Amino acid sequence: MDNTISGGCFCGKVRFSIQGTPIRQRACWCRDCQYLASGNASINIAFRSQDVSVEGELSHYESLADSGNRMRRSFCPNCGTHLFSGQVAFPDYVVVRAGTLDDREIAAPQSIIWMDSKPSWGWADPDIPHHPRHVPAVPPPVQD
Ligand SMILES: [Zn+2]
Ligand SMILES: [Zn+2]
């Protein structure tokens, strides 16, 4: 049976496939994610980088996150879709943006981080754990 997870950007120039199981999946309301997710929380699934193979060109943007971690975010230079992020200090892990998955049904968040920066109208599933700020997923140390 083929357990490959696949996805890509809006325009189709970047495609990826993943041979592995998610490390964890969650929603992030940090201020940075609101820029990238059209005002909403980002929905993210973390994998081991070695499990993810990418076809097509990516552009990258590095910034300092509210958590204090230096983040590297990767997007399609043609259509601007954000596909991946990860901590510069921990390249062994990659966070995949759920909107890029061919099957988004697998991406249901298991917790929500950065509730402190969520606007009052933002929706947060009351049935999963809420965290006011960043929570390192230990192990491994992955961030959205
Ligand atoms: Zn694209
Ligand atoms: Zn975030």
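Student: How many bridges join strand 6 to strand 7 (residues 70-75)?

Tutor: This is a predicted model, in which local features need pLDDT of at least 70, side-chain atom pairs count only at pLDDT 80 or more, and totals for chains, interfaces and linings use all residues. Residues are numbered from 1 along each chain as its sequence is written, chains are lettered from A and ligands numbered from 1 in the order in which they are written, and side-chain values use heavy atoms, with hydrogens and water left out. Strands (E, at least two residues) and helices (H or I, at least four) are DSSP runs numbered from the N terminus, and two strands pair if DSSP finds at least two bridges between them. Strand 6 and strand 7 run antiparallel, and the number of bridges joining them is six.

Student: Which residue in strand 7 stands opposite His60?

Tutor: Strand 6 covers residues 59-64, a range that includes His60. The residue of strand 7 that stands opposite His60 is Ser74.

Student: Which are the edge strands of the open sheet?

Tutor: The open sheet is formed by seven strands in the order 6-7-8-9-4-3-10, with mixed pairing. Two of these strands pair on one side only, and they are strand 6 (59-64) and strand 10 (112-113).

Student: Which residue in the hairpin of strand 1 and strand 2 takes a positive phi near 95°?

Tutor: Strand 1 (residues 5-8) and strand 2 (residues 15-18) run antiparallel and are joined by four bridges, with Gly7 opposite Phe16. Six residues lie between the strands, and the residue with the positive phi is Gly12.

Student: What are the protein donors of the zinc ion (ligand 2)?

Tutor: Donors are N, O and S atoms within 2.8 Å of the metal (3.2 Å for Na, K and Ca); because water is not among the atoms, sites may look incomplete. The donor residues follow the spacing C-x1-C-x2-C in sequence. At 2.1 to 2.3 Å from the zinc ion lie the donors Cys28 (SG), Cys30 (SG) and Cys33 (SG).

Student: Is Gln34 buried or exposed?

Tutor: Buried means under 20% relative accessible area, exposed over 50%, and partly exposed in between (1.4 Å probe, protein chains only). Gln34 is found in helix 1 (residues 31-36). Apart from neighbours within four places in sequence, its contacts (heavy atoms within 4.5 Å) are Trp29, Gly39, Asn40, Ser117, Lys118 and Pro119. Because its relative accessibility is 11%, Gln34 counts as buried.

Student: Is Ser38 buried or exposed?

Tutor: Ser38 lies in the loop between helix 1 and strand 4 (42-48). Its phi is near 60°, a positive value in a residue other than glycine. Because its relative accessible area is 77%, Ser38 is exposed.

Student: Is Trp114 buried or exposed?

Tutor: Trp114 is found in the segment after strand 10, and its phi is near 60°, a positive value in a residue other than glycine. Because its relative accessibility is 5%, Trp114 counts as buried.

Student: What is the radius of gyration of the protein?

Tutor: The protein has one helix and 10 strands. The radius of gyration is taken over C-alpha atoms, and the globule rule is 2.2 Å times the number of residues to the power 0.38. For 144 residues that rule gives 15 Å, and the protein is as compact as a globular protein of that length because its radius of gyration is close to that value, at 14 Å.
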